[in-house]
Amino acid sequence: MLFRSEHSCNGYHDLFAELQGPVVADVAMNFIERWNQARITRERSHAFPSLEEANDLTPILIPEPSGHCDVQLVRTICKQLYYGEAGWHADERFDLYGGEDSIRRSVLDAIGCARTSIYLENQFLMDPETIDELARAAKRGVEVIAVVPFQPDPNLLLYPEDKMRQTHAALARLAREQRVGLFGLVHERDLTRPIYVHAKLLVVDDRVLQLGSANFWPPSYNRDSELNVVIWDPMVASDTRSRLWDEHLLGIQATGLDDWRRLARNAEDARATGARATTRLAEIDPQRYYVFGEHVVAPWDALRERQEIGR
């Protein structure tokens, strides 16, 4: 994992991982399979470097093991995005026509198997099924700490109203569980200077970690092209979670949700008096999340209007 506790001047938090060993071949194979089945290039007679010279990519050699972690690659591929058992001239036939939702299944399975703790960071917490699975985990005694953007993306105003109602209903159910805490990250002195959470992380029981590109919302589960890595290693999972807590809590030690709530209250009191808060935490009411004021506008809406005028 790559860590820098500083954030950009605009306040931006993200996570990345470097992969080594056999899993690299899986990353390459994901690209190769999609390259060989890409239908838009064929339908439009476009290919690199030319239609006559374009050939299938072939699998790379599997690298030697380079560590001690058990690692799995999971992905989202939209249904009917590719032809299926097709390719340029593939000797080995494979079928992506039905898509793949292994990210969704791995996320729900991990949450469903949690016994003691769940720590997550995500840009969007909007999938009702995932939210309800978190609520069920809390109900059976699992402690859930979720870090999301303190100020959610205003472009979510364009999200379909019926789906947003489902999200609000699921968050209301989540709010009933005492073992769940929803937090944002903000500047130590000023709530109006949030740190935008773009990370996509799930740590369960300090034993398994999932990191990648997928948000916890339906498009990342069934429409968008996403790639996550699942790591079964208590040392990596625990160390990653601990280092993130150290970053967000500015070095203050915490053992769980009660400490996070206490530190968030202390930070709120400090900012109210103009003092510097001792952590970057700000607790969020799940029932009020994704509720936008009348003054909020969706920047993408204006962009869409300009595009329509230019046609």
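**Exercises on an aromatic pair and a helix**

In this predicted model, Tyr119 has a relative accessibility of 3% and counts as buried.

**Exercise 1.** Work out how the rings of Tyr119 and Trp245 are arranged towards each other, and which parts of the chain the pair ties together.

*Solution.* Begin with the general idea that two aromatic rings are described by the distance of their centres and the angle of their planes. By the rule that centres must lie within 6.5 Å, the count comes to 8 aromatic pairs. For Tyr119 and Trp245 the centres are 5.9 Å apart and the planes stand at 70°, so this pair is edge-to-face. Finally, look at the surroundings of Trp245, which is itself buried, with a relative accessible area of 9%, and which has Arg241 lying over its face at 4.4 Å from the ring centre. Tyr119 and Trp245 also form one aromatic cluster with Phe183 and Trp260.

**Exercise 2.** Compare the span of helix α8 with the expected one, and find what covers its buried residues.

*Solution.* Helix α8 (residues 257-272) has 16 residues, and from its first C-alpha to its last it reaches 23 Å, which is close to the 22 Å expected at 1.5 Å a residue. Its buried residues include Leu257, Trp260, Leu263, Ala264 and Ala267, and among the elements covering the buried residues are β4, β6 (180-186) and α7. Just after the helix, Gly274 takes a positive phi of about 85°.

Note on methods. Residues are numbered from 1 along each chain as its sequence is written. This is a predicted model: local features need pLDDT of at least 70, side-chain atom pairs count only at pLDDT 80 or more; totals for chains, interfaces and linings use all residues. Side-chain values use heavy atoms; hydrogens and water are left out. Rings of Phe, Tyr and Trp (its six-membered ring) pair if their centres lie within 6.5 Å; planes under 30 degrees apart count as stacked, over 60 as edge-to-face and the rest as tilted. Helices (H or I, at least four residues) and strands (E, at least two) are DSSP runs, numbered from the N terminus. Buried means under 20% relative accessible area, exposed over 50%, partly exposed in between (1.4 Å probe, protein chains only). A charge sits over a ring if NZ of Lys or CZ of Arg is within 6 Å of the ring centre and within 35 degrees of the ring normal. The expected span of a helix is 1.5 Å times one less than its number of residues. Contact means heavy atoms within 4.5 Å.
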